[in-house]
Amino acid sequence: MDGKLARLQGTGSLFGGWLDFMLDRLRVMCCTVALFGAQWVLRDDPRFLLLALAVIFLDMLRYLNATKVNQVRADMRNRVSGHPAFEETAPPVFIEHLQRDQRKQGAALTPPAGEVIDLHEEFRYTYPWYRSARDFLMRSRIRPHLLSGVEFQMAVFIVGPAVGHLAAPVVIAGTGLLGFEMFIVHKLLLSTKDFTQTMRRLDAVPPPRGAADACAAASAG
């Protein structure tokens, strides 16, 4: 609860974010060793060790993948925002930020002063039904990411022991988790294509005079 309380109270920090992540992973590892290790000792069945390895691997995959995906998305936005084409104009606005603000305010937003950059155009073209499905789930107070690390841990550490079967929840929830992670990676791949096209379009625009003079001075130096 420490990370959630810090975010709710606005007292989070960069080190606290790291600490929250590491303690969560330590918690999952301890619970996994306790649950599946005990079953291995009691039943002398090595399959429980394989299940333990699968749980730890899937948990690490989910959170490391999420961290790296967020880093790549932030890097793409920073590269677009830092392009010389925007040196003498208003900074660009990314469509995902506009949609997020619109969902929070529940009304149409004032058109932004800067250029609107869409790094999800290819994804929406490939999956035209996604936005309607996402909006329906959010109106129903259901998170669009239906199966992530939290749901996976609930299936393994709560549902499994409650029903007396550990293997089935790991296999079913793990398969769903892998499916969602593959979908996220696929979405990122499509976004990188939009990013490449955006950078090519911006590179084709003559840079502002100030930027051109700076480049010339740097070359002369």
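## Exercises on a predicted model

At 17% relative accessibility, asparagine 65 counts as buried (under 20% relative accessible area; exposed is over 50% and partly exposed lies in between, with a 1.4 Å probe and protein chains only). Before you start: this is a predicted model, where local features need pLDDT of at least 70, side-chain atom pairs count only at pLDDT 80 or more, and totals for chains, interfaces and linings use all residues. Residues are numbered from 1 along each chain as its sequence is written, and side-chain values use heavy atoms, leaving out hydrogens and water.

**Exercise 1.** Work out where asparagine 65 sits and what it touches.

*Solution.* 
- Step 1: list the neighbours, skipping residues up to four places away in sequence; asparagine 65 touches Met60, Glu181, Ile184 and Val185 (contact: heavy atoms within 4.5 Å).
- Step 2: look for a polar contact (N or O atoms within 3.5 Å, one able to donate a hydrogen and the other to accept it; residues adjacent in sequence count only if both atoms are from side chains). The asparagine 65 side chain makes one with the side chain of glutamate 181, at 2.7 Å.

**Exercise 2.** Describe how α3 and α7 cross.

*Solution.* 
- Step 1: take the axes, which are lines fitted to C-alpha atoms over the stretch in contact, with angles from 0 to 180 degrees between N-to-C directions. Those of α3 (residues 47-81) and α7 (residues 149-163) come within 10 Å and cross at roughly 165°.
- Step 2: classify the angle; α3 and α7 are therefore roughly antiparallel (over 145 degrees).
- Step 3: name the residues; α3 brings Val55, Leu58, Asp59, Arg62 and Tyr63, while α7 brings Gly149, Val150, Phe152, Gln153, Val156 and Phe157.
- Step 4: sort them by class, giving seven nonpolar, two polar and two charged residues (Ala, Val, Leu, Ile, Met, Phe, Trp, Tyr, Cys and Pro are nonpolar; Asp, Glu, Lys and Arg charged; the others, Gly among them, polar).

Definitions and conventions. Helices (H or I, at least four residues) and strands (E, at least two) are DSSP runs, numbered from the N terminus. Angles under 35 degrees count as roughly parallel, over 145 as roughly antiparallel, 65 to 115 as roughly perpendicular and the rest as oblique.
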